[in-house]
Amino acid sequence: MILAGRVTVDGLPAELGQRADPVRQVVCVDGRRVAVSLEARVYIMLNKPRGYVTTVRDDRGRRTVLDLLGPEGKGLWPVGRLDRDSQGLLLMTNDGEVTRRLTHPSFEVEKVYRAWVRGEDVAQKAKALEGPLAIEGETLQPARVRLIREMEEGGVLEICIREGKNRQVRNMCALFDLDVTRLVRVGEGELQLGDLKTGNFRHLTPGEVAYLQNI
């Protein structure tokens, strides 16, 4: 219909791939305005515990992050992922554009993790973890890594990345024979987990929502 010239945005012919905001712009087909039902946009921060999968539903009957939200989770989905054994900050929303901005690598939204690792020479390996690194032949963007605490058989690292590849932090550490025993995401962009207890959730503040919408 777009190629046939039947769709207009604010009176001008639409183009393939063009974006339009149905709240601020007038979208018409054959001269008639398209009626758009807009849900209220919802933004919830969850402190995901271990043992839950980051998905809307699971065919294997495992517990999902939506089980933690109850009725408040209706119509929401998780932004990005945390594997079943990881915990921490997970945004739940029904805003597709914010989801795209937080997950697409071109926006370079930084994600901050605390990783409890077991292995030798943790202080030396922390510097090497900053890269350049490659996993399965794919080069990773440089990371920022800081040793928070060194222990007898390992340590605690703060790892900041701008990608969200599957099990990326665990796979990075495995390159240096570091076994991740606990992994917590504590920040995503300007969002901070703070003192939100494991398994609990809260709605974002107006300031946090404004930040997301202006990424």
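Q: What counts as buried, exposed or partly exposed here?
A: Buried means under 20% relative accessible area, exposed means over 50%, and partly exposed is in between (1.4 Å probe, protein chains only). By that scale R118 is partly exposed, with a relative accessible area of 44%.

Q: What kind of model is this?
A: This is a predicted model, where local features need pLDDT of at least 70 and side-chain atom pairs count only at pLDDT 80 or more, while totals for chains, interfaces and linings use all residues. Residues are numbered from 1 along each chain as its sequence is written, and side-chain values use heavy atoms, leaving out hydrogens and water.

Q: OK, back to R118. Which residue does R118 form a salt bridge with?
A: D179, at 3.3 Å, N to O. R118 is in strand β8 and D179 in strand β13, so the pair ties together parts 61 residues apart in sequence. A salt bridge needs a side-chain nitrogen of Lys or Arg within 4 Å of a carboxyl oxygen of Asp or Glu. Strands (E, at least two residues) and helices (H or I, at least four) are DSSP runs, numbered from the N terminus.

Q: How many salt bridges are in the whole structure?
A: The search finds 16. One of them joins R167 and D83 at 3.6 Å, N to O. R167 is in the loop between β12 and α3, and D83 in the loop between β6 and β7, 84 residues apart. D83 is buried at 17% relative accessible area, whereas R167 is partly exposed at 38%.

Q: How many bridges join β8 to β13?
A: Eight, and the two strands run antiparallel. Two strands pair if DSSP finds at least two bridges between them. R114 has V184 as its bridge partner in β13. Eight bridges also join β8 to β12, again antiparallel.

Q: And K111, buried or exposed?
A: Buried, yet without a salt bridge. The nearest side chain of opposite charge is E188, 4.5 Å away; Lys and Arg count as positive, Asp and Glu as negative, and His and the chain ends are not counted. K111 is found in strand β8. K111 touches residues including L102, I159 and E188, where contact means heavy atoms within 4.5 Å.

Q: Switching to helix α1: which residues are buried?
A: V98, T99, R101 and L102, in a helix spanning residues 96-103. They cover an arc of only 165° around the axis, which puts them on the same side of α1. The arc is that of the directions from the helix axis to the C-beta atoms.

Conventions
Lists of a residue's contacts leave out its neighbours within four places in sequence.
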